[in-house]
Amino acid sequence: MNKELDFVVAGVICLDITPQFLSLPTNHIEDILIPSKTILMGKADIHCGGTVSNTGLALSHYGHKVGFMGRLGNDSFGQIIREQYSTYSYFDYLNNTNTPDTSYAIAIAPPGIDRIFLYHPGCNDDFSSNDLNFDIISKSRIFHFGYPQALKKMYENDGQYFIDILKKIKQLGVVTSVDTCSIDPHSSSGSANWTKILKNSIPYIDFFLPSLEELCYMVDYPKYLYLLKHSNGKDFTNLLSLSDIEDLAQKVISMGAKILMIKCGAKGIYFASGIQENLKNIENELGFCLSSWANQTLIVPAFKPKTILSATGAGDVCIATFLSAMIRRFPLKTCLQLAAMAGSKCCESYDALGALPTFDTLLQFLDSKWDRNIFN
């Protein structure tokens, strides 16, 4: 199928600032962040972040034609993001706002502690359909949208704006892909009815690609609160069994989900898909058969990175690799293995792309002997 772009990636753009902790690994953040104490730190890694940066630039890195849509402020943070983008090949459909308020996130990732993000939405709060060029989107194969939880207009009024955007893009005959992000329960996003938003948006989402924690928040909030209370700073995914994950996945499939890929951190990837009939529109829009993807449940263990500096962007890179492999028509299991491998490689640097190999190099890694975590 002839399209001018392989992907349009839209949604959150921010500047990620990651201070490097020099402390030894610990299970308790209060052992490190002590009031009134000075903490000796390493250098701060500063890089562009958000779904547009991480997933979009990874797709560009893999050689795809990618269009970017999102909002940047006219401040120094926006300039830094622009400078970092300039080293990649992409099609620029970004909205340069007149506000000096580019979004930023400070990633706090002490050794042994799951990441904590201090996120300022900035001009992302005003993201709307005015930031999307639907004529360009109609000329793309896949529209990938990231982090509706971090875009104020996308979750207001039970997500009606978000749903309307997805519905319009489906009417253009374009495949849709949606990624999510973590939610602050005490924020305006946290008070939104995410189960309702998900249920009403699923009919217009072809590839739904959340993390396990985000999915639990959206479809089983009481369980999320229970697990959050008992996590004590540890990886949330370690508290959920395989049967728990299966239950969460089944709830989304029962809503009508077509293709679901759950990023489960150190556990790996859990994949589930709907019936063949639900995949026909995706096949027609992509121009190739996905019959072998229907009615599937697959588990791919995580690959163990050589070293772990930061998991920031790992999920975004995992998604980029999965979608890239899919439109290259690799078998489903290979797509998932490559995605898991790329997510692992991402953890070996402080930013999303610093340790990311080329797509061809990832393929070569498939035949090598990597340690893998057991999914249980």
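Which residues line the largest cavity? I put this to a predicted model, and the residues I noted along the lining are Pro148, Phe162, Val178, Thr180, Trp194, Ile197, Leu198, Ser201, Ile205, Phe208 and Met218.

**Cavity.** My search of the whole structure turned up one cavity of 30 Å³ or more, and the space in the largest cavity comes to about 50 Å³. I sorted its lining into nine nonpolar residues and two polar ones, with no charged residue among them. Helix H6, residues 194-201, gives the most to this lining, contributing four residues.

**Aromatic pairs.** I then searched the whole structure for aromatic pairs and found 16. One of them joins Phe68 and Tyr85 in an edge-to-face arrangement, with 5.4 Å centre to centre and 70 degrees between the planes. This pair links distant parts of the chain, since Phe68 belongs to strand E4 (residues 66-69) and Tyr85 to helix H2 (residues 76-85), 17 residues apart. I count Phe68 as buried because its relative accessibility is 0%, and I count Tyr85 as buried because its relative accessibility is also 0%.

Next I looked at Tyr155 and Trp194, which form a tilted pair at 6.2 Å centre to centre, with 55 degrees between the planes. Here too distant parts of the chain are linked, with Tyr155 in helix H4 (residues 152-155) and Trp194 in helix H6, 39 residues apart. Both Tyr155 and Trp194 are buried. Trp194 is also one of the residues lining the largest cavity.

Lys168 lies over the face of Phe134, 4.0 Å from the ring centre, while the charged end of Arg328 sits over the ring of Phe359, 3.8 Å from its centre.

Note on methods
Residues numbered from 1 in each chain as written. Predicted model: local features only at pLDDT ≥ 70, side-chain atom pairs only at ≥ 80, totals over all residues. Heavy atoms only, no water. 1 Å grid on protein atoms, 1.4 Å probe; cavity = no way out; pocket = protein on both sides within 12 Å on 5 of 7 lines; lining within 4 Å. Points joined across faces, edges and corners; volume = space filled by probe spheres on them. Helix = DSSP H or I, 4+ residues; strand = E, 2+ residues; numbered from the N terminus. Nonpolar A, V, L, I, M, F, W, Y, C, P; charged D, E, K, R; others polar. Phe/Tyr/Trp six-rings, centres within 6.5 Å; stacked < 30°, edge-to-face > 60°. Buried < 20%, exposed > 50% of the residue type's maximum accessible area, 1.4 Å probe, protein only. Lys NZ or Arg CZ within 6 Å of the ring centre and 35° of its normal.
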